[in-house]
Amino acid sequence: MGITLNDWISHFTSLTTAPDNEKALFNKARPVQWGSDQIIFHAGTPCNQYLLVLEGQIRVQQISAGGREIVLYRIGPGESCILTTACLFSHRPYPAMGITETAVKAISLPKSVFDQLIGQSGLFREFVFNAYGNRLTDLLTLVEEAVFTRLDIRLARKLLDLGKHTQIIQITHQTLATELGSAREVISRALKEFALRG
């Protein structure tokens, strides 16, 4: 992919002021890329790298023992994955899966380099914990909505959001179910009820 330190670090402006000894650690990062619809990690796999997305989008989702799915969050350019951060800190395997929604270009910091930077660089530590805190707040909002907001309201909000820039929304009932942490049959019933109400 031929990315230099200055190329990738410019996507993460808060890291550009790092001193030279920390930038030497950043230079140990390696570029990685995937096509669309590729699994980057799945539940049970060990976490050996810290990913920073340069281009594209990754969907992180959880699958229950019964086969139901819910989208937890998406990672886009200039972002990192808090699930990866949690796994690196806890030395536990991934509890969910990450799938590319588009072609993705990213930077991978090996676990050993991540650990060194967390220990030595206040700038990097602040970057990691800011990203972690922001995403954790988003996840708590998702849990609150899933538990306390009726499905028909969440579905209506999702449809309005998807329809912001188009007259026709092309999405399957199953995809809507995955986005909202529900079952396809429940989504189909709710959509039928919307249609009956006009």
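The second largest pocket of this predicted model is lined by Ser 14, Gly 78, Glu 79, Ser 80, Ile 82, Leu 123, Glu 126, Phe 127, Asn 130, Ala 131, Asn 134 and Arg 135. Residues are numbered from 1 along each chain as its sequence is written. Because the model is predicted, local features need pLDDT of at least 70 and side-chain atom pairs count only at pLDDT 80 or more, while totals for chains, interfaces and linings use all residues; side-chain values use heavy atoms, with hydrogens and water left out.

Some terms come first. On a 1 Å grid over the protein atoms alone, a pocket is an open set of points with protein on both sides within 12 Å along at least five of seven lines, a cavity is a set of points where a 1.4 Å probe fits but cannot get out, and lining residues have an atom within 4 Å of a point. Grid points are joined across faces, edges and corners, and a volume is the space filled by probe spheres set on the points.

| Space | Volume | Lining by class |
|---|---|---|
| Largest pocket | about 440 Å³ | five nonpolar, one polar, nine charged |
| Second largest pocket | about 250 Å³ | four nonpolar, five polar, three charged |
| Largest cavity | about 40 Å³ | six nonpolar, one polar, no charged |

In these classes, Ala, Val, Leu, Ile, Met, Phe, Trp, Tyr, Cys and Pro count as nonpolar, Asp, Glu, Lys and Arg as charged, and the others, Gly among them, as polar.

Helix α5 supplies the largest share of the lining of the second largest pocket, seven residues. Helices (H or I, at least four residues) and strands (E, at least two) are DSSP runs, numbered from the N terminus.

The largest pocket has a volume of about 440 Å³. Among its 15 lining residues, Val 71, Leu 142, Glu 145, Lys 158 and Glu 179 are the closest to its centre. At least two lining residues come from each of β5 (69-75), α5 (122-148), α6 (151-162) and α7 (173-180), and α5 gives the largest share, five residues.

The structure holds one cavity of 30 Å³ or more. The lining of the largest cavity consists of Phe 41, Leu 51, Val 53, Ile 58, Ile 75, Ser 80 and Cys 81.

Helix α5 also contains Val 143. Because its relative accessibility is 48%, Val 143 counts as partly exposed, a class that lies between buried (under 20% relative accessible area) and exposed (over 50%), with a 1.4 Å probe and protein chains only.
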